[in-house]
Amino acid sequence: MRAHHVAVAAAIMAVLATSACSVGSSVRPPAASVPLRDRLRDGLLTQDRLPHGLKLMTEQIDSTTGAPHTLSTVPLASMPCSQLAVASFMTAHAHPVEDVAVAVEQEHIVGDDYGWFGQGSLDRYAPGRAAAVMAAVRGVARRCTAYTDTLFDGSRTHNTVSVTRADARADDSLVLRVASTFSGDTDPFITETGFVREGDVIIMVQKMVARKPKSGVKTVLSPAVAAYRAATAG
């Protein structure tokens with residue numbers, strides 16, 4: 001059974017790296033002289049800001065402008081509840097003008113520890129649009145408080161969704177938590193997504209599929225916010 005669960009986790013993790021491309025030069029000109037799209041990319045997490053034991057997968061930086069990933073015609077407010085546990089649900093259903101992301105993983109995993117695996121991303125929206133997106137995320141969470149999902153192998157999961165405060169000083173913030181259990185198993189797998197809105201940009205950190213997690217999404221959300229603010233200061 002555990003092998004099956006790990007396979008499910010691995011499949012979800014693979015989504016994070018599907019369209020990754022390599023990193024460019026790390027030399028950064030002054031923020032005021034950098035085009036907006038490059039400033040957004042420079043606002044991603046950096047290794048020096050991560051807690052000990054976590055590392056950036058720097059060969060997997062995803063950067064798109066104008067055509068983020070695979071677009072869905074279904075808006076965020078009415079997307080299927082099962083999409084909340086998919087890494088790309090924001091770019092697919094909320095359609096940012098620009099999206100940049102980098103994967104994060106735990107360096108050493110021991111025993112039954114599922115470790116820390118996920119991504120930090122920055123989504124820029126048209127003026128005024130980001131606030132509406134945050135409202136839509138809350139709306140989906142209210143609509144999807146409890147739902148059942150069928151996985152690719154036919155097994156079913158029972159899922160509960162909750163929203164808590166992200167405790168970030170920003171225009172808006174929240175943490176979305178999806179707890180998933182298999183039939184006959186009461187120990188849930190947890191997926192968390194933290195959102196912090198700064199003007200027209202949503203800073204997002206996703207922590208994918210962990211059981212009895214030793215640290216949550218806030219472990220990386222605070223460094224992600226600090227990195228973005230440092231890159232866009234001035």
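These entries record what I looked up on confidence and on the disulfide in this structure.

**Entry 1: confidence overall.** I noted at the outset that the model is predicted. I then took the chain average of pLDDT, which is 79, with 73% of the residues at 70 or above. By element, I found the highest mean pLDDT, 96, in helix 4, and the lowest, 42, in helix 1 (residues 2-16).

Entry 2: I looked up where pLDDT falls below 50 and listed residues 1-34, a stretch with 46 contacts in the model beyond near neighbours in sequence. I also listed residues 63-68, where pLDDT is again below 50 and the contacts beyond near neighbours in sequence number 13.

**Entry 3: the disulfide.** I counted 1 disulfide in the structure. C81 and C144 form this bond, and I recorded a distance of 2.0 Å between their sulfur atoms. I asked which parts of the chain the pair ties together. I placed C81 in the loop between strand 1 (54-65) and helix 3 (89-93), and C144 in the loop between helix 4 (129-143) and strand 4 (146-150), so the bond joins parts 63 residues apart in sequence.

Entry 4: I looked up the torsion about the S-S bond of C81 and C144; at about -80 degrees, the disulfide is left-handed.

Notes: Residues are numbered from 1 along each chain as its sequence is written. This is a predicted model: local features need pLDDT of at least 70, side-chain atom pairs count only at pLDDT 80 or more; totals for chains, interfaces and linings use all residues. Side-chain values use heavy atoms; hydrogens and water are left out. A disulfide is a pair of cysteine sulfur atoms within 2.5 Å. Helices (H or I, at least four residues) and strands (E, at least two) are DSSP runs, numbered from the N terminus. pLDDT is the predictor's confidence in each residue, from 0 to 100. Contact means heavy atoms within 4.5 Å.
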